[in-house]
Protein chains: 2
Amino acid sequence: MLKIALAQLNYTIGDFEKNVFKIKESIARAKAEHADLIVFSELCISGYPPRDFLEFSDFIDRCNKAAEEIASVCVGITAIVGCPTINPKPEGKNLFNSAYVCTDGKITDVIHKSLLPNYDIFDEYRYFEPNSNFHCISVKGKKIALTICEDLWNVEDDPMYVSSPMDELIREKPELMINIAASPFDYGHAEKRKSILSRNTKQYGIPLLYLNHVGAQTEIVFDGGSMAMNEKGEVTCQMKYFEEDFEVVEIFTAKTPILAGKTMSKIDRIHAALVLGIKDYFHKQNFTKAILGLSGGIDSAIVTCLATEALGKENVLPVLMPSQYSSEESVSDSVALCKNLGIRYEIIPIEKVYAEYILTLSNQFKGLTPGIAEENIQARIRGMLLMAMSNKFGHILLNTSNKSEIAVGYGTLYGDMCGGISVIGDVYKTEVYDLAKNINMEKEIIPDAIITKAPSAELRPGQKDSDSLPEYHLLDPILYQYIEKRKGPQELVGAGNDAALVKRILKLVNTNEYKRYQTPPILRVSPKAFGQGRRLPIVGKYLS
Amino acid sequence: MLKIALAQLNYTIGDFEKNVFKIKESIARAKAEHADLIVFSELCISGYPPRDFLEFSDFIDRCNKAAEEIASVCVGITAIVGCPTINPKPEGKNLFNSAYVCTDGKITDVIHKSLLPNYDIFDEYRYFEPNSNFHCISVKGKKIALTICEDLWNVEDDPMYVSSPMDELIREKPELMINIAASPFDYGHAEKRKSILSRNTKQYGIPLLYLNHVGAQTEIVFDGGSMAMNEKGEVTCQMKYFEEDFEVVEIFTAKTPILAGKTMSKIDRIHAALVLGIKDYFHKQNFTKAILGLSGGIDSAIVTCLATEALGKENVLPVLMPSQYSSEESVSDSVALCKNLGIRYEIIPIEKVYAEYILTLSNQFKGLTPGIAEENIQARIRGMLLMAMSNKFGHILLNTSNKSEIAVGYGTLYGDMCGGISVIGDVYKTEVYDLAKNINMEKEIIPDAIITKAPSAELRPGQKDSDSLPEYHLLDPILYQYIEKRKGPQELVGAGNDAALVKRILKLVNTNEYKRYQTPPILRVSPKAFGQGRRLPIVGKYLS
């Protein structure tokens, strides 16, 4: 019997003091609970993803000093901690993504990651040499196959790598697999992860402990959900989602599957991930207060609700900035929302500044019909007023653009595209409505009028989104197939979509890459978010 | 004797029609000149880097259809063209980065790239499976070791890869190496490239043909400089830098080294790269006209000169936007510059719009001392006026921030940080002065007053950059060591830098990652530019 503690923690990248403190605290707790072994997640010492900090030898030194400090308290217990380590050979990349085994006050073994994810948001081959020497670790005489995250993911039908580390390790006849991970959230990832882990237990016929990160790192959210699984792929211990957690399992006795708990719906998960994303963006940078423009539309209403949940009523300041083109309802609905949430708001009308801009540009614009330039001026005045408030009072500006708008470039750069973090930039407009329903589940927080009105930017009289864009119920499914599923025009038309509509949408997406390049980081909740996970040339002629 | 044509061309990513046209045109010319073989560069069919377009099977299909079309005209000649190809095996990534050998009207052989660069701006392991089967190609009975770019780069002292493809290929006793490349410019790259290629010829004892891209792809500039080298590492044919070029070499006869031509100075190269960068950003998107803010400082003066050189006098519109804090000289010096260049300009004063903003915010800002918020409002008004002009008249806004400012965050997001492309964002302030000298080499184009005045943002009375920042001659060397050389604080202090200064600068760099995230793409001229080549977390505590 082996008593193993699982510490699912929220780390801050490069905050060695805090990360080490948390790790040591958990080791003390595990000792108090008489655990033989405690497991932490992938690269827990540095936080994940450390990105190009890994190119600084100073950073690597600090990681390894931290590891030694952690090892020094591992007396009467073994700990597994993730840490970048130096490749001693001259050939190959300079680093490994490793797991240290710490026992008797020192580092006693080290395992390197073999399969380096380098797709979507992942860049691991940028830094790390893949492992090519395999061995199991030993804890209290038990042989354990220790792997790191992606190492277990090569069991899919179209495997991304030519070989799997477990195929090597299983030859040593280990009794247990342990996998330490930094596996980011998307709304479908928990199921996929469980299925991948279950395939492994069945394929190799031994139980598995899986330890994941929790918490958000700028745009990437880690959802936790660490678990123990028996050799039949049944979950025997399920740790919390979206929260830190600590469990002690007795791995060679308690193999009984637990009853499946209530699983969260897709929209519940997105909701929880966005709240955690906002929270960690603020708290990890010691920010407390958020500001945002509240237009009377559904997007800014949703972001106001999520921010209030994440940061508290006293820390969210919506600003209403009506113009001559704003409907009266835009103001009154927004005020009603703030009252429902119990938060204060400011009203700053923009008409006079707008008039002064037009006057200032009257020489240059003489004789020309008002158009996009004038519409964008209004959006940019709003962005500027919010940034002025942000600069004056130390609020961080929340961006309220949704994924549909960002995809087709229906937004003003330096206007409504401003912000420190984009909250719903990975949520399609049709999903924004689902979020609204979710928020209003128990009582009407978002006034119904905000949900039912036709979407409008209100930058000219009577404007509707549908003047410029296909209706969202037509737009979103095609965007999803193009962005998430990488379906090209022929496949999209072949699937029954209108050819002209497909061409129009794909062209909009591709010619707006320049706007997305300057978009704030977007909290990632889908398998393919704009930002680090989707990298396209700005200057290019494909489908544009 | 083998007669080989080298076609150094400027491709557009995803513009299959244009790329194929160019390639076929060169094949026709090579045939007319009785060449046996014509060589094009890496991924010439798709353009480089195609990034995530590679994830679309439609894109790959089009590449391969284009390759077949090219092959169909290869009658009486063999062509080597770069193209992404499909990995037929289920294991491993779905694609190879390949070179097709086309002869007798069809594709007769294919070689895959083995070493996949995945550092700095490169992401090749994101898409491609490394090759592991090696063979030489044969052209007119001559055995040739064909490799792709990075494949020859593992001869450095700290090799990044565990093995080199040439070590395999040399066993077949080839008589010639051909390397097709997409090797991006930085100011030191031409020398490094020559030294790497020369190492290869000496190590393997056979001559080498090297064929590179030319032209800019958004922020990445390819400088051409293709060449032939004999087995002693001496250059026997040197093709042009920064221009398309076409040469026919007789590889097994003409081994005589050419006399080394006049090499370009570092600043000449930077100058040429920036002009090419502007030109291709505009022309490849069918833009003609540029707009920019001309402040009276050296940065915007330089960008005005470079843009005029790249786009022509009639296509550059500087806008002077004086405020109450602008000196008279800022206007008169700017006007003098425009006269020297023979270009028109606009003057749009910002005082009234500024006053209206202050009035609009008077409730919120009541009783508070003016500060950063008010300074940023001025910078943002300028950004907005430029964007309004851009929207109205179709000019593309050029950003004029330099690398020193961008590094320490001395700039206003959505203000002077606006723009479609950043021209000198990879040029430190001290190098900006070198560019000015270069531009004024023959006659004074930039008025001397612009060069000699103390740098100032002119956002409050008497403001100087040195109020907020270390002097540039102290700042830039530390930035260079930290950014280009990845030296940590201890190394920097160990090298004799003041500890407090180092700490201050590193903190400024690290806490301004959020601003750089929203910066326009920056023309890359150094080995480590901000943007794709430098990826750091926004939320993190390392040295901040």
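## A close look at the sheet

Modeller: Start with confidence. This is a predicted model. Chain A has a mean pLDDT of 96, and 99% of its residues reach 70 or more. The scores for the model are ipTM 0.96 and pTM 0.97.

Now find the part. Chain A is divided into two domains: domain 1 covers 3–263 and domain 2 covers 295–517. Their C-alpha centres lie 40 Å apart.

Here is the sheet in chain A. Six strands make it up, and it is open. Read across it, and the strand order is 6-7-8-9-12-13. The pairing is mixed. Two strands of chain A stand at the edges: strand 6 (137–139) and strand 13 (235–238). Each of these pairs on one side only. From one strand to the next, the twist averages 25 degrees.

What holds such strands together? In general, strands of a sheet pair through backbone hydrogen bonds, either parallel or antiparallel.

Take a parallel pair. In chain A, strand 8 (residues 176–180) and strand 9 (residues 208–211) run parallel, joined by four bridges. Pick out Ile178(A): its bridge partner in strand 9 of chain A is Leu209(A).

Turn to chain B. Its sheet is open too, with six strands in the order 6-7-8-9-12-13 and mixed pairing. Strand 6 (137–139) and strand 13 (235–238) of chain B are at the edges. Each has a single partner strand, so one side of each is left without a neighbour in the sheet. Neighbouring strands here are turned by 25 degrees against each other on average, direction ignored.

Strand 12 (residues 227–229) and strand 13 of chain B pair in the antiparallel sense over three bridges. Within this pair, Met227(B) stands opposite Gln238(B) of strand 13. Helix 4 of chain B (residues 189–204) packs on the sheet, touching strand 8 (176–180), strand 9 (208–211) and strand 12 of chain B. Its direction makes about 155 degrees with that of strand 9 of chain B.

Next, how do the two chains relate? Chain A superposes on chain B by a rotation of 180 degrees with 0.0 Å of shift along the axis, at RMSD 0.0 Å. That is the relation of a two-fold axis. In chain A, the C-alpha nearest the axis belongs to Gln518(A), at 2.1 Å.

The chains touch. In all, 78 residues of chain A are in contact with 78 residues of chain B. Several helices of chain A each supply at least two residues to that side, including helix 2 (57–72), helix 8 (351–360) and helix 16 (489–494). Helix 10 of chain A gives the largest share, 13 residues. By type, this side of chain A holds 39 nonpolar, 18 polar and 21 charged residues. 100% of the interface residues of chain A are also interface residues in chain B, so the copies meet through the same surface.

Last, some backbone details. Most residues other than glycine have a negative phi, and most peptide bonds are trans. The bond from Tyr48(A) to Pro49(A) is cis, with omega near 0 degrees. Pro49(A) sits in the loop between strand 2 (37–39) and helix 2 of chain A. In chain B, the peptide bond from Tyr48(B) to Pro49(B) is cis, with omega near 0 degrees. Pro49(B) lies in the loop between strand 2 (37–39) and helix 2 (57–72) of chain B. Leu543(A) has a positive phi, near 55 degrees. Look for Leu543(A) in the segment after helix 18 of chain A.

Notes: Residues numbered from 1 in each chain as written. Chains lettered and ligands numbered in written order. Predicted model: local features only at pLDDT ≥ 70, side-chain atom pairs only at ≥ 80, totals over all residues. Pairing = 2+ DSSP bridges. Axes fitted to C-alpha atoms, helices over the stretch in contact; angles between N-to-C directions. Contact = placed C-beta atoms within 7 Å. Nonpolar A, V, L, I, M, F, W, Y, C, P; charged D, E, K, R; others polar. Least-squares fit on C-alpha atoms with pLDDT ≥ 70 in both. Domains from an automatic or database assignment. pLDDT = per-residue confidence, 0-100.
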